[in-house]
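Welcome, and thank you for opening the viewer. Let us walk through this structure together, one selection at a time.

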Amino acid sequence: MFSYKSPVDISKMTFLVTGGAGFIGSNLAEFLLVNNAREVRILDNFSTGYRENLAGFEKYKNFRLIEGDITNPEDCSLACDGADYVLHQAALGSVPRSIKDPVASNNVNVNGFLNMLQASVQHHVKRFVYASSSSVYGNDKTMPKTEMKTGELLSPYAVTKKANELYADVFAKTYGLEVIGLRYFNVFGPKQNINGPYAAVIPIFINELLSARSPSIFGDGTTTRDFTFVENVIQANLLAALTENKEAVNQIYNIAYGGTTSLNALFTKIAESVGSDIKPNYQPERKGDIKDSFADISKAKEKLGFKPTIEINKGLEITVSWYKAQLAKNG
Ligand SMILES: NC(=O)c1ccc[n+]([C@@H]2O[C@H](COP(=O)([O-])OP(=O)(O)OC[C@H]3O[C@@H](n4cnc5c(N)ncnc54)[C@H](O)[C@@H]3O)[C@@H](O)[C@H]2O)c1
């Protein structure tokens, strides 16, 4: 359950969460359901999302699942019809996936994004909040990362997220659509996918250690990230959708905790939390990965009133318990 509560009454508001069967989207949709939104719609094609992530949602009368594809304009139009706010999470995540198949990543992340912008204009959506990514900082060495300064992009995935920001900005200028982009920094929490080659580092470490296997660390473990618990990301989405500060709109924000943790330190924390003495298995660095990433979140604090409440250790505790419970349930 969530420790964060909606700052305002949302019982007269309809939200569309694209990618709502995925990790972040399903947590976001659940939060909106628990906080009594008038209607919470999910648009998802279950390509990387899971029906299990929606378990229990059917008990809410205000929940609606639209099984569809953002690369299909008609599905986008149907989903946006009558929506007040769009929280756009649907995308093909993962840098390595985009290196393997850049065309697929572009099709979903850019063409699908454009369809969603167009449907939002067509149906007079009040605001379009979308997931960008810290990958847009590329090879910029500035630390911490500030929104104005990005470097050369290092992967097709980063290109798709940068393209999202450019299109959103142009839609705001050209069609008057209110947009807010959230550059997420390494989000983690319950319901994050543990399977397949494109899983993220925290669920992989937890799952491998709970299964008594040695997880891989790419590089020497000194790579750093600003790991961000999912509930902080939910807060950012709510604030972005509902802020009445007009100066805060048509902007891009770093969304993170605002801390830095190396992969070695992360591994130690998770191993302690799991109660494991297994050592990591070091592998060569991967192409496209940023070496260090640490967010300056002062812009989101000032303009949106963003105040991340759950720091990494607490977030890991909640996440490890959730995966332990899942493992016990599924045998
Ligand atoms: N998890 C992170 O650390 C992180 C960091 C930066 C940015 N992001 C961004 O946040 C968003 C959510 O990420 P996530 O980690 O929850 O990923 P996820 O893969 O768990 O969720 C993405 C969801 O989008 C759905 N989807 C994919 N293609 C679709 C399509 N064509 N039509 C409809 N639905 C489609 C998937 O089925 C899935 O349910 C993505 O835009 C991602 O790029 C995530």
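In which loop does His124 lie? Select His124 and you will find this residue in the loop between α4 (102–122) and β5. Before going on, please note that this is a predicted model, where local features need pLDDT of at least 70, side-chain atom pairs count only at pLDDT 80 or more, and totals for chains, interfaces and linings use all residues. Residues are numbered from 1 along each chain as its sequence is written.

**Stop 1**

His124 counts as exposed because it has 12 C-beta neighbours inside 10 Å. Here a residue is buried if 20 or more other C-beta atoms lie within 10 Å of its own, exposed if 12 or fewer, and partly exposed in between, with C-beta atoms placed from the backbone.

Now select Asn250, in the loop between α7 and β11 (251–255). Its phi is near 60 degrees, again a positive value in a residue other than glycine. Asn250 is partly exposed, with 18 other C-beta atoms within 10 Å.

**Stop 1: a cis peptide bond**

Go to the loop between β5 (127–133) and α5 (156–175) and pick out Pro144. The peptide bond from Met143 to Pro144 is cis, with omega near -5 degrees. Why point out these places? Most residues other than glycine have a negative phi, and most peptide bonds are trans.

**Stop 2: the whole protein**

Zoom out and colour by secondary structure: the protein has 10 helices and 13 strands. These are DSSP runs numbered from the N terminus, helices being H or I of at least four residues and strands E of at least two. The C-alpha trace spans about 55 × 45 × 35 Å along its principal axes. Of the 331 residues, 48% are buried.

**Stop 3: the cores**

Next, select Phe15, Tyr85, Val86, Val129, Leu182, Ile255 and Ile270, the residues with the most contacts inside the largest nonpolar core, which has 88 residues. Helix α7 (residues 230–242) brings the largest share of this core, 8 residues. Such a core is a set of buried Ala, Val, Leu, Ile, Met, Phe, Trp, Tyr and Cys residues joined through C-beta atoms within 7 Å.

Another core, of 8 residues, lies apart from the largest one, and among its members are Val136, Leu154, Val159 and Ile290.

**Stop 4: around the ligand**

Show the residues around the ligand, 30 in number, of which Gly19, Gly22, Gly49, Ala91 and Ala131 come nearest. A residue is near a molecule if its C-beta atom, placed from the backbone, lies within 6 Å of it. α1 gives the most to this shell, with 3 residues. The shell divides into 14 nonpolar, 14 polar and 2 charged residues. Ala, Val, Leu, Ile, Met, Phe, Trp, Tyr, Cys and Pro count as nonpolar, Asp, Glu, Lys and Arg as charged, and the others, Gly among them, as polar.

**Stop 6**

Finish at Val320 in helix α10 (residues 312–330). Val320 counts as buried because it has 22 C-beta neighbours inside 10 Å.
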